[in-house]
Amino acid sequence: MKKLTKYGLGTLFILCCLALGSCKKLLNVEPVIKLSGNNFWRSEADAENFTNNIYRLFRNATMSSAMFAVGDERSAPVQCYSGAFPYRYDFDFLPANNLRALIAADATRLSPSYDPYTEWWQRNARYDLIPDWTPFYKVIQSCNIMEKEIDLIPDGAISLAKKNRYKAEAVFMRSMSYYFLVRLFGDVPFYREAYEQKPLPRMNMVKVFNECVADLAKVKDDLPWTYGDPAFRGVRAMRGGALALMMHMNMWNAGFDEANARKYYTETVEWGEEIEEIGMNKEGAYKLIPIEQTYQIMFGRSQEGLFEIQLSDNYGEQTERERFKYSIGLVNKSFYARNDRPYSEMQYNPAYIKKIYPEDQVDKRKDIWFDANMYKNNGTMQFYKMFNRSALTQSSDDNPIVFRVADVILLHAEALAELGTDDTKAADLLNVIRARAGAELYPAEPGEGKLKDAIFWERCRELMGEGHYFYDLVRTKKILSSDYCYKVMSYSAFVNGAWTWPIHKNALKNNPYMTLNNYWE
């Protein structure tokens with residue numbers, strides 16, 4: 001890394017983050033020029049180093065807690081096998097949406113360790129860290145600094161195209177941070193300016209997403225469809241990832257801003273077409289990987305990945321995503337090699353498995369992602385989706401996938417079905433995913449609501465274990481219905497914020513405009 005005259009880049013980020021977390025003015029930090037001396041923002045290497053640290057901060061924000069398990073376990077048809085790890089209380093609390101008990105248990109369980117496995121679990125499977133949104137605001141502030149200060153680099157030291165790409169990456173990562181924040185907390189403070197001096201109240205989440213979408217629309221074309229260096233594919237911002245983020249934000253807003261739902265659906269269709277017609281067909285940047293090679297998608301940097309979080313076991317990055325992978329997957333081939341316990345800690349409810357994967361219907365995912373015990377309720381089911389079943393040993397540094405091609409194809413189909421203007425095309429998109437899985441093609445039963453339901457259940461099948469289940473229930477309001485949701489949420493609880501997470505009380509410090517999520521108080 002290039003040495004800075006006055007402070008190293010790591011020192012710069014530490015100072016920024018300390019200022020962010022402790023200053024009386026919420027996002028008040030010293031100007032980067034002042035922190036780093038006059039030799040920073042002088043070259044392309046400075047921009048690259050700063051950008052790498054933005055991704056590092058984002059990785060820390062998303063992977064230092066149990067955040068990635070939430071999408072698959074909350075209000076979900078999961079259970080802890082009775083003979084499994086005895087401290088897995090989250091399978092009691094998360095499916096029941098009992099976050100108070102979950103957080104209380106997490107905050108008090110850091111007792112002396114019982115064995116190395118338990119010690120790792122205590123350090124990393126932390127739900128009590130989720131209410132602290134500070135790590136995401138560190139990312140946001142760094143993105144705001146990047147977008148502003150990169151113009152200080154002399155024109156001769158960096159091309160205009162690269163300068164614009166770095167700005168677009170900053171906008172993407174800022175928007176990605178708001179994507180996670182809104183789905184966790186609902187309304188959140190919205191900071192777009194570097195060195196913001198004043199505390200702000202929480203902004204309506206629909207407006208937050210609309211602001212992000214507008215920002216992304218201005219810069220998405222400055223991002224490449226993919227990178228020549230495959231090491232950057234999926235783990236750095238790409239145009240397909242930006243479009244996928246815009247699609248997800250619009251589909252979320254369609255559920256909460258029903259008066260403008262058709263606008264959100266129409267735009268989502270346009271962006272889906274852009275990914276499919278240009279990113280996939282014209283540019284050849286993205287494609288669906290054969291279902292037999294799903295493990296390559298989960299390993300990371302495949303042509304199906306649109307954005308993912310880069311992890312490496314070489315750097316000791318054993319995170320909650322890995323804990324989830326091994327709890328639901330193949331324990332006796334896991335990183336911990338617990339051959340004395342050849343079963344998964346977490347089990348999907350067999351009734352749910354039979355509902356989404358009927359026993360009498362052909363689907364390659366049943367054979368490739370599950371073992372022969374998938375319908376049993378005795379703790380023997382194994383879920384292989386994130387593993388290479390043919391390998392004798394398993395890697396533990398697979399990248400958590402945020403967006404991939406199959407996800408956006410199904411979002412595109414969903415938006416079309418909601419518009420009701422081209423059900424044939426919506427069904428065709430659904431069948432692209434089903435055909436890859438070798439499953440029977442839709443339609444089987446025409447009728448009102450059938451197509452929408454088919455797309456929802458296909459998302460449950462295809463994206464199982466990737467963190468979408470709970471958020472799909474929330475944005476579609478299907479969490480209110482026992483036809484779709486394992487643990488139904490009442491309407492009154494929903495509108496009062498039962499789908500959100502509590503916000504840490506530290507957010508109230510030095511901010512007279514701040515409010516918490518009262519449902520959890």
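Close-up 1. Y178 touches Y137, I140, V188, P189, F190, Y191, V208, F209 and C212, leaving aside residues up to four places away in sequence. Contact means heavy atoms within 4.5 Å. This is a predicted model, where local features need pLDDT of at least 70, side-chain atom pairs count only at pLDDT 80 or more, and totals for chains, interfaces and linings use all residues. Residues are numbered from 1 along each chain as its sequence is written, and side-chain values use heavy atoms, without hydrogens and water.

**Close-up 2. The largest nonpolar core.** This core holds 149 residues. M176, Y178 and W501 touch the most other members. Helix α9 (residues 160–185) gives the largest share, 14 residues. Another core, of six residues, lies apart; among them are I289, M298, M386 and I401. (A nonpolar core joins buried Ala, Val, Leu, Ile, Met, Phe, Trp, Tyr and Cys residues through side-chain atoms within 4.5 Å; buried means under 20% relative accessible area with a 1.4 Å probe, protein chains only.)

**Close-up 3. Helix α3 (residues 44–63) against helix α8 (residues 134–149).** The axes come within 8 Å and cross at roughly 165°. That makes α3 roughly antiparallel to α8 (angles over 145 degrees). On the α3 side, the contact includes F50, I54 and F58. On the α8 side, it includes F136, V139 and M146. By class, the contact has twelve nonpolar, three polar and one charged residues.

**Close-up 4. Helix α10 (residues 205–219) against helix α11 (residues 239–256).** These axes come within 10 Å and cross at roughly 155°. The two helices are therefore roughly antiparallel to each other. Contact residues include F209 and L216 of α10, and M249 and W252 of α11.

Conventions. Axes are lines fitted to C-alpha atoms, for helices over the stretch in contact, and angles run from 0 to 180 degrees between N-to-C directions. Helices (H or I, at least four residues) and strands (E, at least two) are DSSP runs, numbered from the N terminus. Angles under 35 degrees count as roughly parallel, over 145 as roughly antiparallel, 65 to 115 as roughly perpendicular and the rest as oblique. Ala, Val, Leu, Ile, Met, Phe, Trp, Tyr, Cys and Pro count as nonpolar, Asp, Glu, Lys and Arg as charged, and the others, Gly among them, as polar. Buried means under 20% relative accessible area, exposed over 50%, partly exposed in between (1.4 Å probe, protein chains only).
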